[in-house]
Every structure is written in C-alpha cells, then in structure tokens.
Amino acid sequence: MSLEEYRRKRDARRTPEPVPEADPTETGPGTRFVVQEHHARSLHWDLRLERDGVLVSWAVPKGLPPDPETVRMAVRTEDHPIEYLTFSGEIPAGEYGAGRMSIWDTGTYETEKWRDREVIVRLHGERTTGRYVLIRADRAEQRGVDRGESWILRRSDPVPDRDPLPHDALPMVPSPGELPPDTTGWTLQVLFGGRRVIVRVDGGRARFTDAAGEEVPAPGLRGFGASLGTTQVLLDAELVGGTELWIGDLLHVDGRDVLDEPFTRRRELLEELGLAGPHWRLAPVFPGAGEEVLVAVREQGLAGVVAKRDDSPYRPGKQSGDWIEVLARPRSTAPPPAAARTGVGRARLTNPRKVLYPLSGTTKSDVLAHYLAVAEVMLPHLRDRPVTLVRWPDGVEKPSFFEKDVSRHAPSWIRTARVGTPGGRSEKADFPVIEDAEGLAWAANLAALELHVPQWRVGPDDEQLLPDLLVFDLDPGEGVTIVDCARVAERIAERLADHGLSACPRTSGGKGMQLYAPVTVSSAETTSTFAKALAEDLARETPATVTATMAKARRRGKVFIDWSQNNPYKTTIASYSLRGRARPTVATPITWDEVRACRRPEQLVFTIDDLPGRIAEYGDLMAPVLQPGPQLTV
C-alpha cells in the first residue's frame with residue numbers, strides 16, 4: 001500500500017509524527033488497532049486498523065458509538081504508517097492536523113468482513129470491546145464534509161447494563177422557603193443568580209437547554225464539551241452571562257442513569273469527573289451548614305442557596321420539598337420598586353407585566369431592564385443620531401410598525417431633531433434623539449423593541465452632519481448562514497486594513513452581521529461609493545459565494561454585502577438594540593476571535609440574558625467607532 005498521500009501532507013523536518021521514506025511491502029489482514037484522541041481544529045477521534053502493512057484510518061468526530069442505538073459519522077482519511085500505532089504528542093501549529101494527539105485505546109481486532117463499502121470488525125481493547133460496522137455512505141450527508149469518503153459507524157452488539165443518554169430533560173424545581181431549622185442531613189449549594197440549564201455532553205460536544213427545553217447559546221463555553229472527551233453526561237447547572245457555568249447536579253454519566261441515586265452520591269460522581277476549567281466549575285456545597293452560609297452569600301452579593309436533602313433523588317421538571325430555594329434577600333410579595341420595574345425618572349411604564357415575547361415570557365418591564373443594563377454602553381452610540389422606532393404594541397407575534405415622527409406624542413423632555421425623510425409622507429419629520437436612560441425607558445414603554453439609526457449625527461441646530469461610520473451589512477441568502485457571513489467578514493476586514501481602516505464586528509440580532517469602521521469624509525456619498533466598490537470587487541473574486549446585487553433571486557446560496565446601508569437616508573439596527581424576533585435576541589458586538597471561531601450559527605446568537613455577562617467581560621466592543629476615523633477617499 002502506498003503512503004504517498006500521507007507523506008505529501010507532512011514535513012518530516014517539522015512534525016514529530018513518523019514519516020517513513022519507503023512504502024510497506026506487507027500484504028494481508030492485520031490484527032492491531034488504535035484509537036487516538038485528536039485535539040486538532042475540532043476535537044475528533046481517529047480509528048486506525050492494521051491492514052496490508054498500513055493503518056487504514058477514519059476520523060470520527062464524536063468517537064466510537066457506545067451502544068447500538070447511537071450512529072456516528074466517520075470520514076475515511078489517508079492511510080497511516082504502522083509506526084502510528086504508538087504515536088502520541090503535539091503536532092506543531094501550521095502543520096497538517098496541528099494539535100495534541102493521545103492514545104485513547106489500543107488492542108487487537110478480528111476481521112469479519114472487509115469490502116470496499118463495508119467493514120465489520122470485533123475490537124478487543126483496553127477501553128473498548130465490541131463488534132463495529134463501517135458502511136460507506138452514497139454521499140456526504142454531513143454538511144461541511146469536503147474531503148475523504150463519508151462512512152457510517154455503528155456498534156452492532158448489545159451493551160449490557162447501559163442506559164442510553166437522554167436527548168433532553170428539564171431541571172428539577174426547588175420549592176421557595178426558608179432554611180430548615182435543623183440542617184442535619186441537608187447540603188447547602190450556592191446559587192449565583194444565573195439561568196438554569198441542562199447540559200448534554202456527547203462525543204465532546206455540549207448542548208445547553210433552559211427550563212423550557214429551548215436551546216441556549218453559550219459561546220464562552222466552547223471548550224467545555226471537549227474537556228470531557230468521550231464521557232457522556234447530563235448535568236444540571238447555572239449559566240451566568242453566557243460565559244460562566246456553575247455545575248450543581250448530575251442526571252446521567254457514561255451509560256448510567258443516576259436520577260434515583262441520593263444527592264450525596266450524585267455529588268461524589270460529579271467530583272470524580274474533575275469538572276474544573278477556565279469558565280466552568282462545580283457549585284460550592286456545604287453539608288450540614290446553616291445560617292452562616294446564607295450570611296456569607298449575602299455579603300458576597302450572590303443570589304442565595306438551595307438546600308438539598310442528602311438522600312433526595314433527582315426528579316426532572318418536578319417541584320419538590322426535598323430542595324428548598326432560599327434567597328439571599330427576603331422574598332417579597334409586594335409590588336417591585338417603581339424605579340426598577342415600572343419606570344425611570346419621568347418615564348413610566350404602563351402595563352409593565354405585558355408579555356411582548358410570548359415564547360420566552362419576556363415582559364415590557366424585562367425590556368426596560370435590558371435597556372437599563374446596556375444603557376452605559378448603548379447611549380454613546382445613540383448620541384446625536386435620529387432614531388427610527390420599530391414598535392410591537394401587542395408583542396412580537398402581532399404586527400409591528402415603523403415610527404419616525406413622534407411630534408404628536410413625545411414628551412417635552414425627549415429631544416427631537418427635524419430631519420429629512422425622502423419617500424415618507426412629508427419632506428421632514430421630528431425624529432427622537434435618545435440621550436439618557438429616561439429616553440430608553442420612554443421607548444420601552446412604547447414597545448419600541450428595535451431602535452434604528454443612520455451612519456451620521458445631527459448638529460446642535462439639527463443640521464445633518466457628514467457620515468462618520470462606514471458599514472457593511474452581511475445578509476445570508478437562502479441556504480447560507482451567519483457562519484458564511486463570518487468568512488466574508490474576515491475578507492472585508494483584510495481589505496479595510498489595506499486602507500488603514502479598522503472594523504468592529506457585530507451581530508445583527510437576526511441572521512446576519514455587520515462591520516463598522518469610523519471614517520472622516522468630505523461628502524455624503526463617499527461611504528456608499530467606497531462600500532459599493534469593495535463589495536463588487538469581492539463578488540467578482542468569488543461570484544459563487546458573494547453577491548453585491550440586492551435582487552433576492554440572485555442571493556440564493558450567497559452572502560449579500562449590502563453596501564447601500566451607507567445611503568444617508570437608510571438606517572441600521574443600533575448596537576445593543578433588541579430585535580423583534582420570536583426570542584429577545586440582541587444586536588451584539590463580538591470579538592474577531594469569535595468571528596474566526598464561528599462554525600455554527602448558534603455560536604453568534606445572543607439574547608438579553610447574555611448581555612450583562614458579555615459587557616462585564618468585554619465592556620463596549622464597539623467603543624473604537626466612537627473615535628474620529630481616518631480620512632476616506634475614493
């Protein structure tokens with residue numbers, strides 16, 4: 001068998017991998033196998049079977065299936081030399097397959113069948129013993145597989161005493177109350193005030209769902225699943241700010257349902273997993289402790305504790321007196337303080353408990369809470385910019401409308417600017433200019449979930465100034481996603497850098513994303529002219545994936561670079577604004593590391609629950625656009 005393809009991909013002077021100069025001369029079936037855990041660009045496991053003097057190899061993204069009910073995708077890769085049976089080490093950055101590789105299992109195997117399209121073997125390893133079937137698929141059914149052959153890998157023999165990993169579950173619900181008078185036989189677990197989530201980890205990939213069973217994006221925890229390797233778990237945890245995970249309980253571990261185990265045993269099993277990472281750890285527990293823990297929690301500004309009876313089972317989705325939630329601050333049945341829930345200063349909320357997002361239960365007061373939480377970073381981007389309101393008075397499942405002219409109902413303390421509205425009912429309109437938290441509260445009361453602004457500001461006399469922002473609005477057509485937008489964004493950023501411009505990326509809160517760069521121009525048309533030329537240039541280079549043409553029929557399968565948003569009479573969604581979608585998503589500034597790392601759309605979806613944590617970690621990622629930009633010429 002030839003190792004030409006293997007050698008072609010490797011530089012023997014740089015990689016520690018074995019790179020034999022000659023091809024093997026042996027033929028016939030072999031008996032040895034190895035499974036290697038490979039932390040490359042994405043975690044996967046490599047199954048290698050000795051045959052005809054080489055190791056016939058498959059990359060298995062989620063590892064060997066643990067039971068007959070689980071089906072795994074596998075990709076046939078190039079044959080490897082026999083010396084690879086014992087290889088482990090770090091493949092240097094820049095080399096093919098760069099990353100850490102270790103031996104996950106090794107042993108011998110028996111061949112039951114070996115055909116071009118089907119291989120059946122029985123493995124006898126240190127960790128794996130069983131009958132496995134590899135069947136070549138007729139086509140690559142997994143999107144993104146663009147090299148090698150696509151195969152299906154199954155385990156065909158039964159695995160005794162193994163419970164399948166549940167696909168989903170709901171968190172157990174504690175009963176509100178006070179600490180038991182005698183906490184003997186109870187354990188106090190610290191609460192951090194985050195979002196309760198169930199975490200399902202399978203094949204090194206983690207999936208987070210909330211108390212309603214809805215999937216929750218957690219971009220700050222991408223490494224969590226990989227830290228568990230092939231260990232399957234179902235966890236109960238708190239997600240704080242989308243970036244920090246406090247793990248409190250265990251429902252399933254590696255083929256074992258532990259719902260009926262007492263809490264003390266479930267906690268022991270959790271501790272054995274070694275779940276401690278840069279953004280995840282076990283929630284602290286204090287067996288038999290009492291009021292002193294609650295006092296310490298109050299002093300640290302934490303949410304409270306949940307007292308768990310030591311012998312309590314886990315009952316998904318059920319409320320039980322075996323768990324008692326004790327808040328750090330006394331639970332009040334009185335109406336919430338007006339400033340926190342029903343208004344700010346002169347701005348008052350009418351009907352604060354009105355649900356505007358039925359799917360998530362988000363109310364008008366929740367909308368106000370969001371805008372107050374982001375006010376410090378949002379208001380500088382709204383300053384001196386006329387705002388177009390998009391209002392959903394009856395919630396996002398009902399019709400909305402745009403509002404520009406607020407002259408008939410805006411209070412006197414809301415600043416307005418009279419500017420042009422070509423194509424509208426009149427040549428000019430009195431737009432609101434939101435300058436403070438009161439203005440945000442006024443907009444929240446109007447159910448103005450979306451705030452749109454132009455790329456220019458107004459002067460002290462309401463005169464329209466020249467644009468100070470250059471924007472590229474990346475809109476995915478049918479069949480593409482924000483992942484494809486991220487790749488185009490990287491290319492645009494490189495082009496802008498050639499012109500001395502630095503761009504800040506941001507999600508739209510919908511399907512796409514935008515790039516903003518601060519600029520100085522001498523005419524209102526300069527930004528549109530520049531953006532159009534750059535967009536059309538990229539479309540010419542890669543016409544199959546990029547278009548600069550607005551017609552929807554020509555956008556299928558492509559990313560549309562909407563350069564026209566630089567038109568002085570157009571607006572884009574303001575940074576940190578909510579969107580009127582099924583869920584309360586937010587137009588969220590992101591880092592370039594997040595752009596480059598994006599491989600799934602959900603990695604760049606953020607809701608109101610995620611923003612406080614992101615702002616605490618990153619501050620205002622759009623702050624650079626507030627500074628004067630370089631002169632832009634065309």
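Good morning, colleagues. Please keep in mind throughout that this is a predicted model.

I begin with the cysteines. How many disulfides does the model contain? The count is zero. A pair of cysteine sulfur atoms must lie within 2.5 Å to qualify. For cysteine 485, the closest cysteine sulfur belongs to cysteine 598 and is 9.2 Å away, so a bond is ruled out by distance. Cysteine 485 is also buried, at a relative accessible area of 0%. The sulfur of cysteine 504 has its closest cysteine sulfur in cysteine 485, at 18 Å, which is again too far for a bond. Cysteine 504 is likewise buried, with 7% relative accessibility.

I turn next to the annotation. An unreviewed UniProt entry assigns residues 249-324 to "domain: ATP-dependent DNA ligase family profile". In the model, this span is 33% strand and 25% helix, and its end C-alpha atoms are 15 Å apart.

Finally, the cavities. Two cavities reach 30 Å³ or more. Which residues lie nearest its centre? They are His381, Val453, Leu469, Tyr516 and Ser575, out of 16 lining residues. That lining comprises nine nonpolar, four polar and three charged residues.

The second largest cavity holds about 40 Å³ of space. Its lining includes Tyr576, Thr588, Pro589, Leu611 and Arg614, together with Ile615, Tyr618, Gly619 and Leu621. By class, six residues of this lining are nonpolar, two are polar and one is charged.

Thank you for your attention.

Conventions. Residues numbered from 1 in each chain as written. Predicted model: local features only at pLDDT ≥ 70, side-chain atom pairs only at ≥ 80, totals over all residues. Heavy atoms only, no water. Buried < 20%, exposed > 50% of the residue type's maximum accessible area, 1.4 Å probe, protein only. UniProt positions renumbered as here; feature names shortened; annotations may be inferred. Helix = DSSP H or I, 4+ residues; strand = E, 2+ residues; numbered from the N terminus. 1 Å grid on protein atoms, 1.4 Å probe; cavity = no way out; pocket = protein on both sides within 12 Å on 5 of 7 lines; lining within 4 Å. Points joined across faces, edges and corners; volume = space filled by probe spheres on them. Nonpolar A, V, L, I, M, F, W, Y, C, P; charged D, E, K, R; others polar.
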